[in-house]
Amino acid sequence: MSRVKVLDAGGDALPMFQHQGQNYPNYPQTDSIVNIHKVPIRDDDIFICGFPKSGTHWVWEASRMLLAGRLMDDTVEKGVGMMEYAPHDAIQAMSSPRLLNTHFKLSLLPPDIVKKRCKIVYLLRNPKDVAVSYYNFILKLPNYNYRGKWENFMKYHVLGKFSYGSWFDFVLDWEEEKLKHPELPVLTLHYEDMKENNLRELRKLDSFLGTDRSEGFLSALYEHTSFTVMEKRKAPTTPIQGALPGVYRKGTVGDWKNWFKPEQNEWFDKYYTDRMEGSDLNIRFTLPRRATMGAST
Ligand code: A3P
């Protein structure tokens, strides 16, 4: 394991932490990455898992309020329960049921998650918007000083050279694990479905978590976790209280169209077809215009 500088296609460097052949964010403390598989798991732990930029903050926010049964106005962010980031003694000290989150593949997490059949909310988002979101996020990270150009970032990101590797490896690994463990309670949520009709998706989340909140509560939660409300509420303060700069950026489906040049899009589509051959995952890259009506903004 070591601190490394990973170059994009134009030679601009991104600082990362490398462990067992995989790149991770360059956190000041890396014990939580190295020891993630050792976190003692409780029967009632709940996990939110997804590739970075798939809407983890959004779903974490909705889930914690469903579990608490009240709307919250604080600036606490998901970092408090992020298994590869939060100190593990702090995770140990959390009261049950713990709401934990991670961008790790299931096969690298503590095996007790599977053995104890913990609930997992698994998030998916189309990889073009993920790449755009990730690029813009990294540009804003103060300790990265990354000034690389989009055209030098995109392909390397898709090929998995940066933090957490490739979206394709991640989602294909998760699909395989889900098939291998049909007994695992997993709720799969798509960012695009949430944008299309988040009240519908919140009902699914409520039922999965067994929180059984009223329709009135779910409507209020829908408003309270909308992009505009969350963006305002989560003003950046410290990494663990308040959002990192750039987390609440646009919150839309299809922003990739403003970034992918025709030749990049062509390259991506071919790569996608090759990598996803044999997978029955249905990923939507756009929403029909009228479908976003009533979605949280
Ligand atoms: P964009 O950069 O495309 O705007 P994660 O939480 O996994 O890091 O994902 C961050 C992405 O989710 C960002 O996407 C962010 O704007 C979006 N997001 C965060 N909260 C949201 C919300 N309440 N509604 C819609 N999108 C949200």
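What follows is a chat about the ligand site and the cavities.

Reply: This is a predicted model, in which local features need pLDDT of at least 70 and side-chain atom pairs count only at pLDDT 80 or more, while totals for chains, interfaces and linings use all residues. Residues are numbered from 1 along each chain as its sequence is written, and side-chain values use heavy atoms, with hydrogens and water left out.

Me: Ok, which residues come nearest to the ligand?

Reply: There are 18 residues around the ligand, and Thr 56, His 57, Ser 133, Lys 250 and Gly 251 come nearest; a residue is counted if one of its heavy atoms lies within 4 Å.

Me: And which side chain lies 2.7 Å from a nitrogen atom of the ligand?

Reply: That is Tyr 191, through a polar side-chain atom. On the oxygen side, a polar side-chain atom of Ser 133 lies 2.6 Å from an oxygen atom of the ligand, and a backbone N or O atom of Ser 54 lies 3.1 Å from a ligand oxygen.

Me: How much of the ligand does the protein bury?

Reply: The protein buries 99% of the 570 Å² that the ligand exposes when taken alone, with areas from the Shrake-Rupley method and a 1.4 Å probe.

Me: Which helix gives the largest share of the shell?

Reply: H2 does, with three residues. Helix H2 (56–68) and helix H11 (227–233) each supply at least two residues of that shell, where helices are DSSP runs (H or I, at least four residues) numbered from the N terminus.

Me: Switching topic, how many cavities are there of 30 Å³ or more?

Reply: A search of the whole structure finds three; a cavity is a set of points, on a 1 Å grid over the protein atoms alone, where a 1.4 Å probe fits but cannot get out, and lining residues have an atom within 4 Å of a point.

Me: What is the volume of the largest cavity, and which residues line it?

Reply: Its volume is about 60 Å³, a volume being the space filled by probe spheres set on the points. The lining includes Gln 22, His 103, Lys 105 and Phe 170.

Me: What about the second largest cavity?

Reply: The second largest cavity has a volume of about 50 Å³, and among its lining residues are Trp 58, Met 194, Asn 198 and Glu 201. H2 and helix H9 (198–209) each give two or more residues to that lining, and H9 has the largest share, with four.

Notes: A polar contact is a pair of N or O atoms within 3.5 Å; within protein, one must be able to donate a hydrogen and the other to accept it, and residues adjacent in sequence count only if both atoms are side-chain atoms. On a 1 Å grid over the protein atoms alone, a cavity is a set of points where a 1.4 Å probe fits but cannot get out, and a pocket is an open set with protein on both sides within 12 Å along at least five of seven lines; lining residues have an atom within 4 Å of a point.
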